[in-house]
Amino acid sequence: MAVKRIGKQTIKFHNPPSIIGTSSIVGPKEGDGPLRGYFDIVLEDDTWGQKSFEKAEAKMQEEAIKLAIKNANLSVDNIQFLISGDLLNQIISSSYTARQIGIPYFGLYGACSTMTESLCIGAMIIDGGFADNVVCATSSHFSSAERQFRFPLEYGAQRKFSSQWTVTGAGATVLSANGNGPYITYITPGRIKDYGVTDASNMGGAMAPAAIDTLLQHFEDTGFTPQDYDLIVSGDLGLIGRRIVIDMMKKKGYDLSENYTDCGIKIFDVVEQDTHAGGSGCACSAVVLNGYIYKEMKKGTFNRVLVMSTGALHSPISTLQGESVPGIAHAITLENLPR
Amino acid sequence: MDNMTNKEYQEYLKRKIPKPDYLNNSIRAFIVGGTICLIGQIVRNMLFRFGFNEKEVVTGTAIIMVFLGSLLTGLGIYDKIGKFGGAGAAIPITGFANSIVAPAMEYKREGYLFGVAAKMFTIAGPVLVYGIGSSIIVGLLYLIFTAGR
């Protein structure tokens, strides 16, 4: 009997896992952004002394995991599972990192939804009594993503208004059966929504329906309203996606205009830093969650936050073949004091 | 949301995206493209002054402009010109040089064979294939219609 399930898609934890340590590492551009004070490490050089951008990304993820474990006052031996993913083909950043960490590893591909996807799975493992401590992590790198999904860096192409800027960074969260919060109390894993958007440079527009679907399902399953949250934040819908979510949710009778924002909007000053529709990438929600949101929850600025990373599950091949972009969004409820 | 068809959503989405400023973009393209052509013209006139003949000047101008485009790509400047000037920077021969040098630099880590050499033409390849292809077709048509005259 699945006693922890409520409604159609949501899980309510009986023993809510606590976040006991986080870390966030970002590149120089992110370090120049509005959230600069919240990150643990800001790199001066986005290759971090490595020979390739891919190696730099793996190093960021590895250091983020080690730092999160250190911030939780634990050692790697105390962690039972590593759950991580990234954007690169065959999730190499995560697997090379897992090689270094040396503990049992679940590799995920959820594109930019990886942070909350890994937290959903990690939280279920803890609440289910399968582990005492797990670490969830993800990373992305502007330059490794550009060369895989778009153009060489020095090519003089113009970016569209709707395009977003992949965040260079890595974030990690240690979840534990014992801790003082913030706790993950509910999760609403999302389903794929695809409205046939084929433009891979408008990911916010492609992913917005998935975000709306997950939000509606979350409110329906739990009986909460947007006003029950101090902050509702999506992963990387950017300016266009956020506008669509507010608009569509209003039509469904939910007012998100007051307390809803997007990590892709928070992390960059879109005008000053010329990031068009905002930030994107796995690290976008990862560093905003593990930096800004976690630290502000610890301070008590927010007591109840809904975080929903969003993913565009296309590939360079599917884009060339004219296939549409499947979107997904996984929501987690973070609370300082479980109700 | 549920009652929206794919087509309705795509129409709705189109209205949410800001329209590009065509006039501003055209002016920028004109300035950048014009400046590149002006530099080309100056190079051409200089070469004539050095006493080269028409055929040598055409080749020499192309070589110098390709060199300049490649140099500016290597220095990390051409992508900024491209961002500002759009088609004005992409269409001239300097843009063609940029489209070859940029991937050659980018894929050096994957080795000289399958990185630099293989990826060099990922952007310029289609231009070469259809450019040379169409010139052959035009050449054949010219031959057919002028044969026997």
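Four salt bridges turn up across the interface of chain A and chain B, in what is a predicted model. One of them pairs B:K83 with A:D274, and the closest N and O atoms there are 3.0 Å apart. Side chains of opposite charge can pair in this way when their charged atoms come close. Polar contacts at this interface come to 14 residue pairs, both residues being at pLDDT 80 or more.

Which elements of chain A give two or more residues to the side that touches chain B? They are α5, residues 142–149, then α6, residues 203–222, and α7, residues 238–251. Of these, α7(A) gives the largest share, six residues. By class, that side of chain A has 14 nonpolar, nine polar and nine charged residues.

Now the extent of the interface. The size of an interface is often given as the accessible area lost when the parts come together. For chain A and chain B the buried area is about 3,000 Å², and carbon and sulfur atoms account for 56% of that. On the chain A side, the residues that lose the most area to chain B are A:R147, A:E154 and A:Y195. Together, those three make up 26% of what that side buries. In terms of contacts, 32 residues of chain A meet 33 residues of chain B.

Next, the empty space. Rolling a probe the size of a water molecule over the atoms shows where such space is left. The largest pocket holds about 1,200 Å³. It has 38 lining residues, and the ones nearest its centre are A:E146, A:R150, A:F151, A:P152 and A:R159. Which elements supply two or more residues to that lining? From chain A there are α5 and α10, the latter covering 316–320, and from chain B there is α4, covering 78–85. The largest share, five residues, is from α5(A). The lining of the largest pocket divides into 15 nonpolar, ten polar and 13 charged residues.

Two of the residues nearest the pocket centre, A:E146 and A:R159, also form a salt bridge with each other, with the closest N and O atoms 3.8 Å apart. This pair links distant parts of the chain, 13 residues apart. A:E146 sits in helix α5 of chain A, while A:R159 sits in the loop between α5 and β8, the strand at 165–166. For the whole structure, over all chains, the salt bridges number 16.

What about closed space? There are two cavities of 30 Å³ or more. The largest cavity has about 90 Å³ of space and a lining of 13 residues. Nearest its centre are A:L87, A:C112, A:F149, A:M203 and A:H314. Its lining consists of eight nonpolar, four polar and one charged residues.

Last, two points about the backbone of chain A. Which two residues does a cis peptide bond join? They are A:G181 and A:P182, with omega at about 0°. A:P182 lies in the loop between β9, residues 169–176, and β10, residues 183–188. The other point is A:N73, a residue other than glycine that has a positive phi, near 60°. A:N73 is in the loop that runs between α2, residues 53–71, and β5, residues 81–86.

Helix α5 of chain A gives residues both to the side that touches chain B and to the lining of the largest pocket.

How values were computed
Residues are numbered from 1 along each chain as its sequence is written. Chains are lettered from A and ligands numbered from 1 in the order in which they are written. This is a predicted model: local features need pLDDT of at least 70, side-chain atom pairs count only at pLDDT 80 or more; totals for chains, interfaces and linings use all residues. Side-chain values use heavy atoms; hydrogens and water are left out. Contact means heavy atoms within 4.5 Å. Buried area is the accessible area (1.4 Å probe) that two parts lose on being put together, summed over both. A salt bridge is a side-chain nitrogen of Lys or Arg within 4 Å of a carboxyl oxygen of Asp or Glu. A polar contact is a pair of N or O atoms within 3.5 Å; within protein, one must be able to donate a hydrogen and the other to accept it, and residues adjacent in sequence count only if both atoms are side-chain atoms. Helices (H or I, at least four residues) and strands (E, at least two) are DSSP runs, numbered from the N terminus. Ala, Val, Leu, Ile, Met, Phe, Trp, Tyr, Cys and Pro count as nonpolar, Asp, Glu, Lys and Arg as charged, and the others, Gly among them, as polar. On a 1 Å grid over the protein atoms alone, a cavity is a set of points where a 1.4 Å probe fits but cannot get out, and a pocket is an open set with protein on both sides within 12 Å along at least five of seven lines; lining residues have an atom within 4 Å of a point. Grid points are joined across faces, edges and corners, and a volume is the space filled by probe spheres set on the points.
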